[in-house]
Amino acid sequence: MSQSSSTGSFDVASLVEDVNLRRVAQYALVVFFLGFFLVPLETGIMTAIKTNESVARSLPFAPPVGEGFTLGNIQFALEQLSGSFFNSLIMSIPATIGSVLFGSMAAYGLTMVNWRAQMGMLMLFVVGVFVPYQAVLVPLARFWNNIFPLARMLEPMVASIPFFQGYHAELVPLVITHIAYGIPICTILFRSYYQSLPNSLVEAGKIDGASITKIYRRVILPISKPMFGVVFIYQFTQIYNEFLFAFTLVTGSDAPAAPVTLVLPAIGASTSGIDFGIRMSAAFLAAVPTLILYVAFAEQFAKGLRTEA
Amino acid sequence: MATHDNTEHVSDATDEAVGWESKLRYFLNSDFVRSAPYWGIPFVLMSIAVYGGIGYNFAISFTDYEGLGTPDYSTLDLEMYAQALSSDAFIAAAQNNLVLLVGFTTICLVLGLFLAILLDHGIRFSEKFQTVYLLPMSLSFVVTAQLWLWMFNVESGILNLVVTTLGFNPVDWLGNPSIALGAVIFALIWQFSGYTMVVYLAGLQSIPDDQFEAARVDGASITRTYLRIIVPQLKEASVSAAVVLMVFALKAFTFLYALVGRYRPPNGTDILATLMVRRAFKFGEWAYSAAIATMLLIMALGVIGPYLYYQYKQGSL
């Protein structure tokens, strides 16, 4: 700022005016896009807390007034979703932990330790990030249903665990699938971080005679805590939000083991159409876990996305 | 691997009696072997899932496998590929897919770049705004599909509210086959432009500030500075964001399914991914859908391959 006023000192007044006008236009655009990104969410929330009558009579984004306010939709949606919330969480948490741990290990083996043909192997991991999952759906369905019906094998065992039912066994193949397909992206995320670490860390450990395992446990794991945060948040969001694998392996929104994303597209629908109050309530409840994570750790989430590119 | 090493070095073991033994020991102590459990276990698990899956899918695509029962590998041919390439549904889906890929990727890149430049300089609390712009990316496609289903609603959706306020007739966004794909692209742009913005912002922040200063001293306008000096330096960010967006556009299934909650998406929005899943899981035409999936994979590789080669050449892998 000070520089521009000194270079154009004879015309300061018009310069300031110009800058201010541009500022105003810039802020106006910022606010416009704020609206663009928030209106669908705001409308959804407002619809969720309105009675059907109020939804039909008021503007979609207007807040409910007086009699038009209700928590009935949210209550109803919560009842419908509670079982699938449990399914989603007991599926997402182990799947996230598994893929993050494996990803960190693979990245360590591929980055901090030098050996030939690393690049070729890395390429296989990178391609694994981008492969369209449609290309493995038919094999996945066949593998878990016909060749290795793990869910059926585990059913009696899972049924004997407190709080669990036999059908929760269907989530075990889903967890394994998520871990396996989550490894490539986690590896790439960790690798970019490990590459930024100074080589001297591992070298110092080697000179001290520490084994590769010891270096991982004593040196790499402690300093990669922030990266574990980033990858964990990123991966949990991905797995919790995922639909296609659940759709292939659990099938059907009425299956008792269905995660939230599988149930949501069918909630509040009847022959007479969709009850949008209920549908919007369910959409918000389904989004709550990832929204909380996002609001609390927006920076980590953005970092995960940046590194992916 | 180890046994292979044995036999190779036995012949010159006359010179050094313990030659091969120490070499074996050396090999077993090498970083390659000792780090093997770290990359090996994840690699095997991932390879079975990804590459085993692709291979199996490839094999099934040559059979006539459908319905219940098991695939019969005795007669392998390209019949399913021929059948797909000559079917109208496939051609229409491929065309829609192309429109989605080009339209979605281009607009996302342009809008993301615009948002990044908008927030890059001179905005207070710029990080807070970024957080809001990126928020749709944290939502599931299933959730955003519900939100947009309501936005697109013919009687009470916001979009028709705007349209009728401007004096036009209400539009059936998802029911009119010639508009539906555009509507879907619009909703996906809403979700993804925050992502391109974040990628571009990272690129912008790596450009030193003195380039802006130098351009300013030279009397270049802000627009000119960005167009001539800054944007050309964002090539790398553009390429990597474009790859992610294009691959997404190829496989986008969830949003379309969740809009209607059934296998057939709104008329005019059927893409290869939805066609493939419908053929497989609704009609049990496993071989046919495996063939579509293989072609989808080849298209994705057509996008990723050049990108990885470029990255490798740049030494940035």
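Contact here means that the C-beta atoms of two residues, placed from the backbone, lie within 7 Å. Ala, Val, Leu, Ile, Met, Phe, Trp, Tyr, Cys and Pro count as nonpolar; Asp, Glu, Lys and Arg count as charged; the others, Gly among them, count as polar.

Residues are numbered from 1 along each chain as its sequence is written, and chains are lettered from A and ligands numbered from 1 in the order in which they are written. As the model is predicted, local features need pLDDT of at least 70 and side-chain atom pairs count only at pLDDT 80 or more, while totals for chains, interfaces and linings use all residues.

**Chain A overall**

Chain A has 15 helices and 2 strands. These are DSSP runs, numbered from the N terminus: helices are H or I with at least four residues, strands are E with at least two. The C-alpha trace of chain A spans about 70 × 65 × 35 Å along its principal axes. The radius of gyration of chain A is 26 Å, whereas a compact globule of 309 residues would have one near 19 Å. The radius is taken over C-alpha atoms, and the globule rule is 2.2 Å times the number of residues to the power 0.38. Of the 309 residues of chain A, 45% count as buried. Buried means 20 or more other C-beta atoms within 10 Å of the residue's own, exposed means 12 or fewer, and partly exposed lies in between; C-beta atoms are placed from the backbone. Among contacts in chain A with a separation of 6 or more, 68% come from residues 24 or more positions apart.

**Two helix pairs**

Two packed helices are described by the angle between their axes and the distance between the axes. Axes are lines fitted to C-alpha atoms, for helices over the stretch in contact, and angles run from 0 to 180 degrees between N-to-C directions.

| Helix pair | Angle | Axis distance |
|---|---|---|
| Helix 5 (residues 118–130) of chain A and helix 16 (residues 286–314) of chain B | about 140° | 11 Å |
| Helix 11 (residues 225–241) of chain A and helix 15 (residues 298–308) of chain A | about 85° | 8 Å |

Helix 5 of chain A and helix 16 of chain B are therefore oblique to each other. Angles under 35 degrees count as roughly parallel, over 145 as roughly antiparallel, 65 to 115 as roughly perpendicular and the rest as oblique. In this contact, M123(A), V126(A), V127(A) and F130(A) meet A300(B), I304(B) and L308(B). The residues divide into 7 nonpolar, no polar and no charged.

Helix 11 and helix 15 of chain A are roughly perpendicular to each other. The residues in contact include Y234(A) of helix 11 and F301(A) of helix 15. This contact divides into 5 nonpolar, 4 polar and 1 charged.

**Two residues of chain B**

S61(B) lies in helix 4 of chain B. S61(B) counts as buried because it has 26 C-beta neighbours inside 10 Å. Beyond its neighbours within four places in sequence, S61(B) is in contact with M80(B), A287(B), A290(B), A291(B) and T294(B).

R228(B) lies in helix 12 of chain B, residues 222–230. R228(B) has 11 C-beta neighbours inside 10 Å, so R228(B) counts as exposed. The C-alpha atoms of R228(B) and I304(B) are separated by 29 Å.
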